[in-house]
Amino acid sequence: MTTDRLTDADRSFLFVLGSSRPDGNTEILARAAAEQLPAGVPQRWVDLAQDPLPDFQDGRHEDGTWPVSEREEELRRLTLEATDIVIASPLYWYAVSANTKRYLDYWSGWLGVPGLDFKKRMAGGTLWGVTVMAEENEATADGLITSLNNTAAYLGMRFGGVLLGNGSRPGQVRDDERALTRAKTFFEREAPLARFPGEEETGER
């Protein structure tokens, strides 16, 4: 990935589903947004609940190597191949789901893989979020939004923000007209270079 802005012909999306159940509200909203992407833009979808990753074990400061499973290798490859990564996770306890957090924890391990240049290759890409919550007060998702923004900032990525929806019972997000309206143009929005809170004021990077 580079820091240059990409045309639609150069973009490819990876949608990472973090719900513990299939066809959940967050997936419904993510697919509604994905339907608006140009037909020629590749989309790949990964469900973290299917063949889940084991708990991440940080071995960056230990001797030896951590065995890489086929599932981890696949996720790592798909992550690096995408120009746009969409984290689609329900809001669980004001943060991303356990499956999603585990996936992001693996990014820590990939940072230390010799020759992979994970941070350099992620820089300039765009991170997006989609979440559906039971709470109607969207401020309850601030923790999730901050987490994804800071992740993007650390890696030198752009951050497109988080598409928010409301729903608890299966399929309930379909009744959230505001969320479905926002989904129609979500991926058209400007995705600025992510910055940590306070960087704009201090000028530090």
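User: Which side chain does T83 make a polar contact with?
Analyst: The side chain of T83 makes a polar contact with the side chain of D84, at 2.6 Å. A polar contact is a pair of N or O atoms within 3.5 Å; within protein, one must be able to donate a hydrogen and the other to accept it, and residues adjacent in sequence count only if both atoms are side-chain atoms. Keep in mind that this is a predicted model: local features need pLDDT of at least 70, side-chain atom pairs count only at pLDDT 80 or more, and totals for chains, interfaces and linings use all residues. Residues are numbered from 1 along each chain as its sequence is written, and side-chain values use heavy atoms, with hydrogens and water left out.

User: Where is T83, and is it buried or exposed?
Analyst: T83 sits in the loop between α2 (70-81) and β3. T83 counts as buried because its relative accessibility is 12%. Buried means under 20% relative accessible area, exposed means over 50%, and partly exposed lies in between (1.4 Å probe, protein chains only).

User: Zooming out, how many helices and strands are there?
Analyst: The chain has 7 helices and 5 strands. Helices (H or I, at least four residues) and strands (E, at least two) are DSSP runs, numbered from the N terminus. Starting there, the order of elements is β-α-β-α-β-α-α-β-α-β-α-α.

User: And how much of the chain is buried?
Analyst: Of the 205 residues in the chain, 47% are buried.

User: What about α1, how many of its residues are buried?
Analyst: Helix α1 (residues 25-34) has 9 of its 10 residues buried, so α1 is largely enclosed by the rest of the structure. The buried ones are N25, T26, E27, I28, L29, A30, A32, A33 and A34.

User: What covers them?
Analyst: The cover over the buried residues of α1 includes the strands β1, β2, β3 (84-88), β4 (126-133) and β5 (158-166), along with the helix α6 (177-183).

User: You mentioned β5. How many of its residues are buried?
Analyst: In β5, 8 of its 9 residues are buried, which leaves the strand mostly covered.

User: In what sense do β4 and β5 pair?
Analyst: β4 and β5 pair in the parallel sense, over 7 bridges. Two strands pair if DSSP finds at least two bridges between them. To find the pairing on screen, look for G129, which stands opposite V162 in β5.

User: Why does Y94 count as partly exposed?
Analyst: Because its relative accessible area is 47%, Y94 counts as partly exposed.

Terms used: Contact = heavy atoms within 4.5 Å.
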